[in-house]
Amino acid sequence: MSIPSDMLWASLPLPALIIDGADRICNVNPAGETFLNASRKSLDGHPVWDKVFVDAPLEEAFSRVRTNQSALFVNAVDVGTGSRKPVSCDVQIAPLSERPDHVLVLFENRELAGRLDRAMSSKTAAKSAIGMAEMLAHEIKNPLAGITGAAQLISMNASGEDRELTDLIVAETRRILKLLEQVEEFGNVRPPDRRAVNIHDVLDRARRSAAVGFAAHMEIEDDYDPSLPATWADPDQLQQVFLNLLKNAAEAGKAGGTICIRTFYELSLKVRRRDGSGGAVPLQIEIIDDGPGIPPDIAADIFEPFVSGRENGTGLGLALVSKIIADHEGWVALDSVPGRTVFRISLPVAPRDEAPE
């Protein structure tokens, strides 16, 4: 069965433009409309350099492609529009066989590709650590319970400085037991019970819990897109994800700081499912704080188990976030500079025949 060319054009995951012989835009795919933040109607017929700003002399590249009738690749150039800041892209330019003076231009966001690679590697690392975490927690808890009991018995007949030492032993073993319980929680996450979920309902519950607890010292704002469709997820596990990210933002911020929760739709994002097929993850949730940012030396590994930017952190909270989102066939990414840290969650849309409960 042949697939119509217009269907293939609309399904291209990369932003794409068709440029005529006078360097005017004569077609743009849906991913290109999203990337340029402009409709096809507003772009059609306009000179490409009035709508797309590229930090490279692409006019010469267009000329070479038309003359040689062969594709050309331009790597790592900044591409922007009048309404969005430039992003680093790889640009592919190819001739159209039926119209030699026309060229096809594809933009691949290098920053997004790097984030996806990091997200996929962190998912694998998080899952591989689960068995080790469970085994260690189980093996360490039993002797610790014995140490705690022995210290408590000794303290009954101790006095003064000796009792202070036994109290210290009890306090430290209890602290370690609490840490091991967190490790077990990391290792015992059940498979998600997925259903159609209104993402804003889950975010509001997490926000209310944070506002009266660990984030009471900060201002929490929201910037929701009310038109977002339902996602296909386990609401309890999603709430755990959002609470972990809000707690991370609250611990990074100072009194009077701000946390912003933002939602929006971005059609061009796709991830690879377990069966090898591609799956769209257009529902975007960003949790943004104005703290000092993630230390650069650990930013690339922040979703790995046991990596933490805090002195007493366990390094399991963000690894758990990564695992849960991986189980939901989504992805999580980080963008952090001093004064602005963004954790971004991307999730799929619920099947059309499913409605939120």
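**Helix contact, sheet and cavity**

Q: Which residues in helix 9 meet which residues in helix 11?
A: Gln237, Leu238, Gln240, Val241, Asn244, Leu245 and Asn248 in helix 9 meet Gly317, Leu318, Leu320, Val321, Ile324 and Ile325 in helix 11. Contact means heavy atoms within 4.5 Å. Helices (H or I, at least four residues) and strands (E, at least two) are DSSP runs, numbered from the N terminus. By class, this contact has eight nonpolar, five polar and no charged residues.

The model is predicted: local features need pLDDT of at least 70 and side-chain atom pairs pLDDT 80 or more, while totals for chains, interfaces and linings use all residues. Residues are numbered from 1 along each chain as its sequence is written, and side-chain values use heavy atoms, without hydrogens and water.

Q: What makes the crossing of helix 9 and helix 11 left-handed?
A: A crossing is left-handed if the near helix is turned anticlockwise from the far one by less than a right angle. Helix 9 passes helix 11 in that sense. Their axes (lines fitted to C-alpha atoms over the stretch in contact, with angles from 0 to 180 degrees between N-to-C directions) come within 10 Å and cross at roughly 150 degrees.

Q: Why are strand 8 and strand 14 placed at the edges of the sheet?
A: The open sheet of five strands has the order 8-10-13-15-14, with mixed pairing. Strand 8 (219-223) and strand 14 (331-337) each have a single partner strand, so one side of each is left without a neighbour in the sheet. From one strand to the next, the twist averages 15 degrees.

Q: How do you know that strand 14 and strand 15 pair?
A: Two strands pair if DSSP finds at least two bridges between them. Ser336, for one, has Thr341 in strand 15 as its bridge partner. In the hairpin of these strands, which has two residues between them, Gly339 takes a positive phi near 95 degrees.

Q: What makes the lining of the largest cavity nonpolar?
A: A cavity is a set of points on a 1 Å grid where a 1.4 Å probe fits but cannot get out, and lining residues have an atom within 4 Å of a point. There is one cavity of 30 Å³ or more, and about 40 Å³ of space lies in the largest cavity. Leu17, Trp49, Phe62 and Phe107 are among its lining residues. Leu, Trp and Phe count as nonpolar, and the lining has 10 nonpolar, no polar and no charged residues.

Notes
On a 1 Å grid over the protein atoms alone, a cavity is a set of points where a 1.4 Å probe fits but cannot get out, and a pocket is an open set with protein on both sides within 12 Å along at least five of seven lines; lining residues have an atom within 4 Å of a point. Grid points are joined across faces, edges and corners, and a volume is the space filled by probe spheres set on the points.
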